[in-house]
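Work through the exercises below with the sequence and the structure at hand. Each task is followed by a solution in steps.

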Amino acid sequence: MNVYDTANKLAQELRTSEEYLSYKKIKEELNQNAEVKAKIREFEEKRYEVQLEALKGEEQEKTKLEEMQKIYVELMQNDIAKRYFEIELKFNVLLADVNKIIGEAVQDVIK
């Protein structure tokens with residue numbers, strides 16, 4: 001089996017994994033609730049802004065951080081949003097683990 005066949009097999013395995021299927025299902029459920037979806041989008045935009053400032057070494061705007069935290073607290077009180085974040089985390093962990101395994105396999109040549 002060549003690398004491309006293996007990659008395609010991995011892609012298929014990912015698409016049939018519990019993490020992927022759960023994430024796909026909760027995203028479909030989220031698409032049925034425009035209000036929660038918009039709130040999650042707002043939270044993700046704020047989180048991105050805060051993370052970008054931190055990466056640039058800029059001083060955190062207290063207001064942005066507080067707004068982000070307030071939105072997150074609101075979202076955690078909503079069952080769909082809470083499940084979305086939990087399932088999204090599991091899916092992202094799966095992808096990170098796969099990337100780590102691949103990265104470790106070629107580590108000696110990319111240092």
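Lys and Arg count as positive and Asp and Glu as negative, while His and the chain ends are not counted. The place of a charge is taken as NZ of Lys, CZ of Arg, CG of Asp or CD of Glu. The model is a predicted one.

**Exercise 1. Charges of the chain**

Task: State how far apart the mean positions of the positive and negative charges are.

Solution. 
- Step 1. The chain carries 19 positive and 24 negative charges.
- Step 2. The mean position of the positive charges and that of the negative charges lie 2 Å apart.

**Exercise 2. Overall form**

Task: Describe the secondary structure of the chain, then set its radius of gyration against that of a compact globule.

Solution. 
- Step 1. The chain has six helices and zero strands, and its pattern along the sequence reads α-α-α-α-α-α.
- Step 2. For 111 residues, a compact globule would have a radius of gyration near 13 Å, whereas the chain has 18 Å.
- Step 3. The C-alpha trace extends over about 50 × 40 × 15 Å along its principal axes.
- Step 4. Of the 111 residues, 22% are buried.
- Step 5. The accessible surface amounts to about 8600 Å², and carbon and sulfur atoms make up 53% of this surface.
- Step 6. Among contacts with a separation of 6 or more, 64% are between residues 24 or more positions apart.

**Exercise 3. A charged residue without a salt bridge**

Task: Find where Glu88 lies, and identify the nearest side chain of opposite charge.

Solution. 
- Step 1. Glu88 belongs to helix H5, which covers residues 79-105.
- Step 2. Glu88 is buried and has no salt bridge.
- Step 3. Arg47 is the nearest side chain of opposite charge, at 4.5 Å.
- Step 4. Leaving out residues up to four places away in sequence, Glu88 touches Tyr23 and Glu44.

**Exercise 4. Salt bridges between helices**

Task: State how many salt bridges the structure holds, then examine the pairs Glu29 with Arg83, Lys39 with Glu74 and Lys64 with Glu49.

Solution. 
- Step 1. The structure holds 11 salt bridges.
- Step 2. Glu29 and Arg83 form a salt bridge through their side chains, with 2.5 Å from N to O. This pair links distant parts of the chain, as Glu29 is in helix H2 (residues 18-31) and Arg83 in helix H5, 54 residues apart.
- Step 3. Glu29 has a relative accessibility of 27% and so counts as partly exposed. Arg83, at 27% relative accessibility, counts as partly exposed.
- Step 4. The side chains of Lys39 and Glu74 meet in a salt bridge of 3.4 Å, N to O. Here Lys39 of helix H3 (residues 34-56) is linked to Glu74 of helix H4 (residues 62-76), 35 residues apart.
- Step 5. Lys39 is partly exposed at a relative accessible area of 25%, and Glu74 is partly exposed at 34%.
- Step 6. In the salt bridge of Lys64 with Glu49, the closest N and O atoms are 3.7 Å apart. Because Lys64 lies in helix H4 and Glu49 in helix H3, the pair ties together parts that are 15 residues apart in sequence.
- Step 7. Lys64 counts as buried at 19% relative accessibility, whereas Glu49 counts as partly exposed at 31%.

**Exercise 5. A buried or exposed lysine?**

Task: Locate Lys46, decide whether it is buried or exposed, and name its contacts away from its sequence neighbours.

Solution. 
- Step 1. Helix H3 contains Lys46.
- Step 2. The relative accessible area of Lys46 is 19%, so Lys46 is buried.
- Step 3. With neighbours within four places in sequence left aside, Lys46 is in contact with Glu67, Met68 and Ile71.

Terms used. Residues numbered from 1 in each chain as written. Predicted model: local features only at pLDDT ≥ 70, side-chain atom pairs only at ≥ 80, totals over all residues. Heavy atoms only, no water. Helix = DSSP H or I, 4+ residues; strand = E, 2+ residues; numbered from the N terminus. Rg over C-alpha atoms; globule rule 2.2 N^0.38 Å. Buried < 20%, exposed > 50% of the residue type's maximum accessible area, 1.4 Å probe, protein only. Contact = heavy atoms within 4.5 Å. Areas by Shrake-Rupley, 256 points an atom, 1.4 Å probe, with all protein chains shown as cover. Salt bridge = Lys/Arg side-chain N within 4 Å of Asp/Glu carboxyl O.
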